[in-house]
Amino acid sequence: MESPLALAARLAEGTCAGPGNAYRSGLGQFMTPPRVASLLADMFASVGGDVRLLDLGAGVGSLTAAFVEKVLACECKPRSLQLTAWEVEEAFIEPLERVLEECVEAGRAAGVPTSYVLNRGDALRGAVELLEEDELFAIPRGLRGFTHAIMNPPYRKINADSEARLLLRRSGLETSNLYPGFLWLAARLLEPNGQVVAITPRSFCNGPYFLPFREQFFGLMSVERLHVFDQRNALFAGDDVLQENLIMVARRGAKPPASVVLSSSDGLPSGNGRVRSVPYSRVLDPADSDKVVHLALDASYDDARAAVMGLPAHLSDLDFGVSTGRVVDFRARDFLRKAPSDDTVPLIYPMHFNGGCVHWPCFDARKPNALLAVPETEELMVPNGVYVLVKRFTAKEERRRVVATVFRPEGNLAGFASVGFENHLNYFHHRGGGLDDRLAEGLAVFLNSTVVDAFFRQFSGHTQVNATDLRNLRYPTKGQLCKLAESKAAGSLDQAAIDSAVGTMLQKSRH
Ligand SMILES: C[S@@+](CC[C@H](N)C(=O)[O-])C[C@H]1O[C@@H](n2cnc3c(N)ncnc32)[C@H](O)[C@@H]1O
């Protein structure tokens, strides 16, 4: 007899979104490969008693099938199994039903009464209506809630005026992406103590866009385990998935556990990986109003955190600010120019800085080099001066996540009253204007160090370096920045020299 998971894998191959087939971004359809589905199922703690499983956005049912296989193989089997799946894609309904039937059959063979409910249609609407109905009739969650939820929710941006956005708002969550919405609704549908295991992008771990989600979700749920995949593409081989993924295990309502298990694997069948257990507050610091999720996967991260967060200065102590470049090119299209002229100012993109300094203009790429200086663009410009620029987008595989360069009004950039920084970069400034040259030089050395990078990587799962994240770092004092500016590392690309200068500064800072 074919197992439910084997059947789901075979049926997934036959669908438009099966592994190896093209991604259908409209519905966020990446099917979970069987070995990853089993990995998720294995992460549930206990599966005794009457189990009610929820699978929102079930696809052809791979996750439910993996769960059923796992619990039926346990020595201590559940008393009964009720499976609830939701799926909007019509093409998946028939295969999903076949997989659910197979699950019922497997349950019968194992002596565990198993039933299923297959909901066709929008899971958001269905879940929100269910929650509202329970509220209306004051039905306690313990009565109708699910004991377990397993999910690989769709990843898709949702517009401000979309139905999905409005539905989620009705359920108490403001989000611009579908996957936090699915996680939130699953959490709300769980009974007290119920557990969710979900595979999602890492992007929710930090950044302002996901803050409302983190506040809501972690107000309801305690995280128990986080599993990270070291390689981005190994997981959904064949699909063009560029997200970094993680598996989160969380429990509803429970007092946070003393510790959280952090693990990682390469996502390949070989399953190489690391596991460690860290105090809960090391992952979600109760004092952190940004609710950033830290993934300190090994002890070196602890050292990096202790070193950076042990530094004496906040950005405000230095009287520095950090902002995102104001020129959003598609909004300012009419004012952008390929070549500079008398009525323009320099427009700086990340492409202008490589090799440790700013090269402007650059005609090799298609991007513009100049911004028309007219009243409409006044707000987009900053006074020409010394700034530290940090790229907003770098890949995990790049040598460093945080890449900083000093911008100076010299050479081709001299003589302009103002400049424009494009939105793909962050800039450090002094009250909106330029920085002292030496402090800027020292700041760039600090930001380019391995220790800052290691600290940053444990919470920045996605490829974005947010201004908020930079704002929340701790910094050396002005005196220490000047020392860094005087070191051999200043203006250098030599990582060893940078790390040695920052290492010496940190050592002295500790004494
Ligand atoms: C990332 S896929 C995962 C599928 C399956 N859970 C798995 O792991 O193989 C997300 C699934 O959610 C479904 N989906 C997207 N939007 C949905 C919605 N609003 N309601 C229900 N299902 C939805 C997609 O059709 C797709 O099957």
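Student: How many bridges join strand S17 to S20?

Tutor: In this predicted model, strand S17 covers residues 387–391. S17 and S20 run antiparallel. Within this pair, Lys-391 stands opposite Leu-425 of S20. The number of bridges that join S17 to S20 is 4.

Student: In S20, which residue is the bridge partner of Val-322?

Tutor: Strand S10 (residues 321–324) also runs antiparallel to S20, and 4 bridges join the two. For Val-322, the bridge partner in S20 is Phe-428.

Student: In what order do the strands of the open sheet with S20 stand?

Tutor: The sheet has 4 strands, and its pairing is antiparallel. S10 and strand S18 (404–407) are the edge strands, each of which pairs on one side only. Neighbouring strands are turned by 30 degrees against each other on average, direction ignored. The order is S10-S20-S17-S18.

Student: How many of the residues of S20 are buried?

Tutor: In a regular strand, side chains alternate between the two faces of the sheet. In S20, Leu-425, Tyr-427 and His-429 point one way, whereas Asn-426 and Phe-428 point the other way, and all are buried. Strand S20 (residues 425–429) is thus described as mostly covered, and the count of buried residues is 5 of 5.

Student: Is Thr-377 buried or exposed?

Tutor: Thr-377 lies in the loop between strand S15 (370–372) and strand S16 (381–383). Leaving aside neighbours within four places in sequence, Thr-377 is in contact with Phe-335, Leu-371 and Leu-372. The cut-off for a buried residue is under 20% relative accessible area. Because the relative accessible area of Thr-377 is 0%, Thr-377 is buried.

Student: Which residue of S8 is the bridge partner of His-227?

Tutor: Strand S6 (residues 221–229) and strand S8 (residues 259–265) run parallel, and 5 bridges join them. The bridge partner of His-227 in S8 is Ser-263.

Student: Are H11 and H13 roughly parallel or roughly perpendicular to each other?

Tutor: Helix H11 (residues 299–309) and helix H13 (residues 450–457) have axes 8 Å apart, and they pack at an angle of about 110 degrees. Angles of 65 to 115 degrees count as roughly perpendicular. Therefore H11 and H13 are roughly perpendicular.

Student: What is the handedness of the crossing of H11 and H13, left-handed or right-handed?

Tutor: The contact involves Tyr-301, Ala-304, Arg-305, Ala-307, Val-308 and Met-309 of H11, together with Val-451, Val-452, Ala-454, Phe-455 and Arg-457 of H13. By class, this contact has 9 nonpolar, no polar and 2 charged residues. The crossing of H11 and H13 is left-handed.

Student: Against which helices do the buried residues of H15 pack?

Tutor: Helix H15 spans residues 478–486, and its buried residues are Gln-480, Leu-481, Cys-482, Leu-484 and Ala-485. The buried residues of H15 pack against helix H12 (437–447) and helix H16 (495–510).

Terms used: Residues numbered from 1 in each chain as written. Predicted model: local features only at pLDDT ≥ 70, side-chain atom pairs only at ≥ 80, totals over all residues. Heavy atoms only, no water. Axes fitted to C-alpha atoms, helices over the stretch in contact; angles between N-to-C directions. Parallel < 35°, antiparallel > 145°, perpendicular 65-115°, else oblique. Left-handed = near helix turned anticlockwise from the far one by under 90°. Contact = heavy atoms within 4.5 Å. Nonpolar A, V, L, I, M, F, W, Y, C, P; charged D, E, K, R; others polar. Buried < 20%, exposed > 50% of the residue type's maximum accessible area, 1.4 Å probe, protein only. Pairing = 2+ DSSP bridges.
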